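Here is a short tour for anyone who likes to read a fold through its contacts. Please have the viewer open and follow along, section by section.

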Amino acid sequence: DNAGNHSTITGSTFTNNTAGQNGGAVYNKGTLAVDNSDFDNNTAQYGGGFFNETGATANLGENLSFTNNTAQKNGGGVYNYTGATMTIGNNAYFSGNKAVEAAGGAVQNMGNLTLGDNITFENNSAAWGGAAVYGGSRAGESSSTTIGDNAIFRNNSLTNTGTDEVAVGGAIFVENDEGGNANFTLGSNSYFENNSANEGGAVYLKDAIAANVGSGATFVNNSAAKTGGALYTMSDVTLTDATFANNSAGQQGGAIYATENLTIAADQKDVIFSGNSAADGGDIYMAGDAGKELNMSIGDDKSVVISGGVSGANKYNMNVSGTGTLNLQSYIKNADITVNDMSTLWLNNGSQVSGNNNTITLNDGTELLTINNRLDNFEDGLFTVNGEVSLGVDADIASGTADHFGAINCGQDGKIVIE
């Protein structure tokens, strides 16, 4: 118990300690620095390894490990409380920590927390939220959860496994708890593998939090029993140079389930959705009110590849911009699609665009590539070409054959307009 003091701990191991309430190994109420230390198999109600109290400051240096610590309630490894400040340096390792009845299996943050680069979270668990990291804020309070570059989240899971149970954010759960103001920043090149929950297999962003996700995130083999196999977001989010592979959801959004505006940006590399699956929206499901934006911002010679399908509960706007290519290898449902700038819409082999009263608009300078695809159940839809647009059709000159562009069940008011 460090109460109001300026203390330093170096090269220590905290093992098999128990507290009846807060901080199984360390309960900090003052200013404390900890370097090159290990926290293993400690237990408390809150903050199994370390509890940082309101008004306290904890500077935890590099190369710390938190393993097999347990909180009966919140923060199996670390609990940074409301109004507290904590920094955890590079190369920290969190494994096997658990929050038995609540959230924050490895880390619970209600204050201001900064995690350094190259942090690893694996095999942590919580009952209902954020098996690796939980970030929240209470009414009238602000919090900030910042995770550095190259973070790894692997095999984190929630124990409320029944499909009617609350189990959100297999690795990360951030929310405005009780009307507070939570901020979340995730650095570049994060990696999420084999995390699981009922909703948001890897990440769940609840409420209108301020969320910033760095470029190059990779989501592989994450799963949700219901929605959002990799990501469930209720906040506006931009994902740049991300990869989504083999994520799954039992209902909607095999990779992403979004209730607000979503931007997918291919800047330095292609953004590829591959092997993701769900009953609807294998890659992306737009669950918000009508008029939400799904923006595809694609750089020169770059592509966004959709192979598992995009769908929505209501009509949403898909805006394609930049100088690259949206490569559709599956379906798009319920979207008004607008292609802008010098971008290309590639309706690849077997792809489908469907929806009632929906539109496809190709603006001046864009390109449409078509290979054996169709407008399917495009009831009363409107296909508009504005200005000079290039049309590419795959043709075999030697055999005298060409691929086709079909329109099925377009209704008597369906139109193709070229202006």
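Please keep in mind that the model is predicted. Glu122 belongs to strand β17. Setting aside residues up to four places away in sequence, Glu122 touches Tyr93, Phe94, Ser95, Gly96, Arg154 and Asn156.

One of those partners, Phe94, leads us to a ring pair. The ring centres of Phe94 and Phe121 are 4.8 Å apart and the planes meet at 10°, so the two rings are stacked. Phe94 sits in strand β13 (residues 93-95) and Phe121 in strand β17 (residues 120-122), so 27 residues separate the partners of a pair that links distant parts of the chain. Phe94 is buried, at 0% relative accessibility, and Phe121 is also buried at 0%.

## The chain as a whole

What does the secondary structure of the chain come to? The count is zero helices and 56 strands. The chain has 419 residues, and buried ones make up 55% of them. Taking contacts between residues at least 6 apart in sequence, 73% join residues at least 24 apart.

## Aromatic rings

In total, the structure holds 22 aromatic pairs. Tyr27 and Phe51 form one that is edge-to-face, with 5.4 Å from centre to centre and 80° between the planes. Because Tyr27 lies in strand β3 (residues 26-28) and Phe51 in strand β7 (residues 50-52), this pair ties together parts that are 24 residues apart in sequence. Both Tyr27 and Phe51 are buried.

Phenylalanines also gather into one aromatic cluster, formed by Phe14, Phe39, Phe50, Phe66, Phe94, Phe121, Phe153, Phe192, Phe219, Phe244 and Phe273. Elsewhere, a charge meets a ring: the charged end of Lys333 sits over the ring of Tyr331, 4.7 Å from its centre.

## Nonpolar cores

How many residues does the largest nonpolar core have? It has 81, and the residues with the most contacts inside it are Phe50, Phe153, Ile256, Ile264 and Met296. Leaving aside neighbours within four places in sequence, Phe153 is in contact with Phe121, Ala132, Val133, Ile147, Ala171, Ile172, Leu186, Tyr191, Phe192, Glu193 and Asn195. Another core, of 13 residues, lies apart from the largest one, and its members include Tyr27, Ala103, Met110 and Tyr134.

As general background, nonpolar side chains in soluble globular proteins tend to be buried together.

Gly23 lies in the loop between β2 (13-15) and β3. With a relative accessible area of 6%, Gly23 is buried. Beyond residues up to four places away in sequence, Gly23 touches Ala44, Tyr46, Gly47, Gly48, Phe50 and Phe51. The C-alpha atoms of Gly23 and Tyr46 are separated by 6.4 Å, although the two residues are 23 apart along the chain.

Thr70 is part of strand β10 (residues 70-74) and is buried, with a relative accessible area of 13%. Not counting residues up to four places away, Thr70 touches Asn42, Thr43, Ala44, Gly48, Gly76, Lys98 and Val100.

## Parallel strands

Strand β45 (residues 335-339) and strand β48 (residues 359-362) run parallel and are joined by three bridges. Thr338 has Thr361 in β48 as its bridge partner. Strand β48 also pairs in the parallel sense with strand β51 (residues 382-385), over four bridges. There, Leu362 stands opposite Val385 in β51.

## Two positive phi values

Most residues other than glycine have a negative phi. Asn221 has a phi near 60° and is found in the loop between β29 (218-220) and β30 (223-227). Asp241 has a phi near 55° and lies in the loop between β32 (237-240) and β33 (243-245).

Is each of these residues buried or partly exposed? At 35% relative accessibility, Asn221 counts as partly exposed, whereas Asp241 is buried, with a relative accessible area of 6%.

Note on methods. Residues are numbered from 1 along each chain as its sequence is written. This is a predicted model: local features need pLDDT of at least 70, side-chain atom pairs count only at pLDDT 80 or more; totals for chains, interfaces and linings use all residues. Side-chain values use heavy atoms; hydrogens and water are left out. Rings of Phe, Tyr and Trp (its six-membered ring) pair if their centres lie within 6.5 Å; planes under 30 degrees apart count as stacked, over 60 as edge-to-face and the rest as tilted. Buried means under 20% relative accessible area, exposed over 50%, partly exposed in between (1.4 Å probe, protein chains only). A charge sits over a ring if NZ of Lys or CZ of Arg is within 6 Å of the ring centre and within 35 degrees of the ring normal. A nonpolar core is a set of buried Ala, Val, Leu, Ile, Met, Phe, Trp, Tyr and Cys residues joined through side-chain atoms within 4.5 Å. Contact means heavy atoms within 4.5 Å. Two strands pair if DSSP finds at least two bridges between them.
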